[in-house]
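Please look through the structure below, and then follow the explanation of its helices and its sheet.

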Amino acid sequence: MRNCAKIKWYRWTAAALALAGLGNALADFKVTEMQPRFVEQSLVLTGNLELGLNAKVEEALAKGIPLEVVIEVNLYRERRFLWDRKTADWTLHRRIQYHALTGQYLVNTMEPEVESGDSLLTLQEALKQLGALNGVALKLEEPATPDAVHSVDLRVSLDIEALPTPLRPVAYTSFTWHLNSGWSTWKVAP
Amino acid sequence: MESSPLKNESVTPRPRTEGRNRTVTRYVTGFTPLAVLSVLLIAAFIMMNAAAQNSALFGRLYSVLLLVNILGVVLLIALILLNLFHFAEQYRARVVGTRLTLRLLVMFVVLAVVPVSVVFYFSIQALNRGIDNWFDVRIERALDDALLLGRTALDAQRQDLVKTAQEIAVELETLPVRQKPGADPSELSLLNALREQYSITELTLFTQDRRILASSSEASLEAGSLVPDRPSDAMIAQVRQGLTYSNLDAIGKAGLRLRVVVPVQARDVGAPLRVLQVLQALPPRYAKLGESVQSAFAEYEKLVYLRGPLKFGFTLTLSLIALLTLLIAVWAAIFFARRLATPIRELAEATHAVAQGDYQKQIPVTSHDEIGILVESFNDMTHRIHRAQVQSKRSQQEAEIQRAYLETVLGHLSSGVLTFNQRLLLRTHNPAAAQILGADLRAGERKPLAWLAENYPALQPLIEAVEQAAAAGQDEWQVQIQLSVNNHRRTLMLRGTSLPSWREKRGGYVVVFDDITTLIQAQREAAWGEVARRMAHEIKNPLTPIKLSAERIRHKYLRQVPEDERAALERATRTIIEQVDSLKTMVNDFSEYARSAQMQSRPVDLNDLIHDVVELYKNSRGGAGVVPLHRGSKTGKGKTTRAVTTKLDLDENLPRIPADPGRLRQVLHNLLLNARDALTNSPRPVIRLGTRLVGENNHRSVELTVQDNGPGFPDALLARLYEPYVTHKEKGTGLGLAIVKRIVEEHGGTIRAYNLKEGGACIIIRLPVSAAVGAAESPAVSNPARGETQA
C-alpha cells in the first residue's frame, strides 16, 4: 500500500516535471550562440539569445505589460586541481514594451545608457533585437590573467520581480511565467 | 466534580531534562511567541497591502512580504496545532479543567470564526465587484476611439511628411552622385536650405549601404546624439525596391517622431541609388496629446489584463488576513480558555489532594476576583484542617504512648487484670491474667462472659463473681474465690471497680485479681512451723521424765506388787513407755519440720543417693531386685507381708547437683515410706524411681520421679497436700510431704504431685543443676495432673 503511494507520488512528480519541460521546449529562453572574448579591460560578449515567449506572456506584452529579461554573466578562471574561481559577475537588464499608439515594440537594451532603445514593428524583430548581444562590453575591475583559461556562465530569464505587483503572485505560482535558459558555459576566446 | 484521575504536575519533582522540555514547550506554546508572531504578521500584512496598491516603498518587497506572511501563517498554524495537540493530550489524560477549557475554546472559536467568515465572504464579494466596476465598455471604446483618432491624426502628418520627403528627393536628384562620403559644401548647403524650407527636423542622405553622405539637423534634436539615426536594413531594402518607408517612431521619453525614408534617383544613367531619411519631430502639442492617449490606453489595457491577477492578489491578501485573524482568534481562545480554567483546575487538583489526605496543599493566589477569594478561602480551610490534623495526630500519639505505657505496666504486673465493657464483653487482659486463669484470653476478646464459661468451665466462680457484682451495680467490690485450674486449686482475690461513665453510659468494669494460693499456704506453713516448734519444746521436755519414771516404776515395783497385779503394772508401764516413744517420734518429726534450714551443700550424684537408699532397704530386708518393704505391725497380728517391687529408671549422664545429701536422703526416705504405705493393700505393689535431666543452658534441672501403683491421693486432700498434719493414714503425722516440700524448696527446687491415669500417685521433684540454693521457684502447676495426694 505504502509502495503504491510512493509510486503514485513519483509518477505525479515525473508528470509535472515532464509538463514543465514540455512548456520550456515550446517557449523558452535559450543561449544559442555566444563568443566571449577579452578586449583590453573588458569582456566582450557577442552572440544571440533566443527568447521565445509563450502565448500567455505574449498576451501580457500586447496588453502593455513591460517585460524585463535578466542576463546573468559569471566569469570563471579555470583551475586544474581546484574548482573554477569566479572572478567577476554582471547582471544585465533588457526591457521590451508594446507601444499601442505606434503599434511598435520598444526594445530597451539599456546600453550604453538607460534610455537608449529601438522601436520595432514586429515582435520577432523586437525579440531578436532584445536577444542580440552585439559586442556588449563588460568592464573588468582587474585585468584577466593572460595565460589562464576563462569561461563564462550565462543565463537569461524573465524577471518576475519587474512585473507589476499584482501579477507577481500569479507569475510565481505559474510555470508559464518561469522563462529561463538555465546556465550555459562558454569558453572565452584567448 | 467527576472523580477522574488527576495529573499532578506541580507536586512531583522532575528531572532536569524534563524541566528543559517543559521550558521548550512553554516557549513554543506560551503567550510570547504567538503574540510576537501575530504582531509581526499583522505588520507584514499592512506592508503587503501597501505594496499591492503599488506603493513605491513596499512594491519591491511585495514578493518577500508575501513569502514571509505565508511562512508566518504556516508557523502560526504549526504553533496552534502544537497547542491543540498538547491540549488534546491533556484532554485524553483527563487533566482537570480540560473539559472546561474545551468548552471555552469552542465558544471563543465559534465567536471568532463566524463573524470573520461572514466579513471575509462579503469582503471578497465587494472586492470582486469593486474591481469589475473599474472597467466599462464605454470607456474602453472611448479609449479605442481616442487611440484611433490619434493614429489617424498622426497618419495625416505622416502622409504630409511623405509628400515633403518625395519633393525633397526630387530636388536632391540634381545633386551629382558621389561614392565617397565626406563633407561636400554644396550638398550640405542644399540640405540645410531644404530642411529650413520644409521645416524638417533632420535630413540625412545615405548611400545604399547606409553610409552617410550628408546630414542636416536642428540643434535641439536628440541632444547629445551627434550621429544621425540610421535606417535599418529592412527600411533600406524597402527603399531599394523604389518604395517609400514611413513610420511613426516611439523614442522613449524623447516622445514621437516621424520617419520617412525615400529613394533619391540619380539623373545620371547607372549612377547608384541614394537614400534620403527625413526625421520630423512631432509638434509638442501633437506629441503631448499622443503620449497622453498612449499612456491612458496602455494603463487601461494593463489594468484590464491585470484584473484577474489583481483579484487573485487581493483575494490572497484578504484570505491571509482572514486566516491570520482566525488563527490569532483561535490562539487567543486557547490562551484565554487556559487562563480562565487554570485556577479552577488548580482548585480541583488541590481538592483532590485534600481528599487524598494532603492537608498542606496551598494554591497560589494570582487574582483578587471571585476565584481569588475562593482560592484564599480554600487555603484557609486547608490550613485549618492541617492544624486540626496535626493536633489530632499529636493526641493520637499521646494516646498511643499512654496505651503503650499501660500495656507495659499491665504486662509486667503479677496481678491479673481484666476489663469488661458495659455489656460485659471482655475488652482487655494482661498476660498475668491468662497465666493465672490458664485460659487463652486472646481468643476471648470482644466475647461475652458466657463464652468464657463455655470454653473454660473452671472459671465459673470468677464469672459468677463478676456477673453478680455487675448486676448489683457495685462501684467497688472485693471477693475471694477458689478455682480449680488444670486440677490445681487456686485461691484468687478479686477486686472490681467500675470504669468512669461517658455520656450517661456505664463505662464497664476492671477486675484485678491476685493468686494468693501460695501466700495462704505460706501463712499456714508458718503457723504450723510455729506450732511444731512449740510442740517440740513444750512436749518433748516432759516426755523423758515420764518415760524414765515409767521405767523406774516398772523396774522398782514390778517385783514388789502381787503376782496378780504384776501383769497389769507391766502392761501399763509398757504402754506408757511405748506411747512416750511414739510421742517422742512424733515430736521429733515436728522438730524436724520446724528446724530451720542449715544446709551443708556439696555436689551430689542423685543416682548414687537413690542407689544407696534403695540398697539400704534391700540389705535390711534381703531379696535381689525386690525391696521387701513392708510396714510390719508390732501388734503381732500376723499381717501379710507383701514384697514391693522397686524399678529404677535412672539417667546415667545425670550431672551432679549442689545439695545437702543428708536432707536429700530424708526426702527419698519419706517418699519411699509414703509409697510403701500407699501400697499396703495393693496386690502387686510397684514403686518406680526415675531420674532425668530437663531444661537447657542455665535452667537445667534434675528431675526425680517417684511413682506407685496404689490408690493415689484422695481428692479431698489435693488442696492441702503439703500442709503439716494433713493425712489420711491412721498413724501418720502428716509431716512427710511437708518436710519433703520444705527440703526441696530449700534446695531451690520444685515439687508437684498428681494422680496417674492408670492409677497410682506420682511425685515429681526438680532440683536445679546450678541455680543458687534457696532461690525457690514458684511451683510448676501447668502440667496435666489428676489430683494431689498427701503424705
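The buried residues of helix α5 of chain B are B:Thr98, B:Thr101 and B:Leu105; a residue is buried if 20 or more other C-beta atoms, placed from the backbone, lie within 10 Å of its own. This is a predicted model, in which local features need pLDDT of at least 70, side-chain atom pairs count only at pLDDT 80 or more, and totals for chains, interfaces and linings use all residues. Residues are numbered from 1 along each chain as its sequence is written, while chains are lettered from A and ligands numbered from 1 in the order in which they are written.

Helices (H or I, at least four residues) and strands (E, at least two) are DSSP runs, numbered from the N terminus. The buried residues of α5(B) pack against α4 (62–92) and α10 (307–355) of chain B, where contact requires C-beta atoms, placed from the backbone, within 7 Å.

The axes of α4(B) and α10(B), lines fitted to C-alpha atoms over the stretch in contact, come within 10 Å and cross at roughly 25°. The two helices are therefore roughly parallel to each other, a term for angles under 35 degrees. Among the residues that meet here are B:Leu76 and B:Ile80 in α4(B), and B:Leu324 and B:Leu327 in α10(B).

Chain B also holds an open sheet of 5 strands in the order β2-β1-β5-β4-β3, with antiparallel pairing; two strands pair if DSSP finds at least two bridges between them. Its edge strands, β2 (212–217) and β3 (245–250), each pair on one side only. Strand β1 (residues 202–206) and β2(B) are joined over 5 bridges, and B:Leu205 stands opposite B:Ala214 in β2(B).

Methods
Buried ≥ 20, exposed ≤ 12 C-beta atoms within 10 Å, placed from the backbone. Contact = placed C-beta atoms within 7 Å. Axes fitted to C-alpha atoms, helices over the stretch in contact; angles between N-to-C directions. Parallel < 35°, antiparallel > 145°, perpendicular 65-115°, else oblique.
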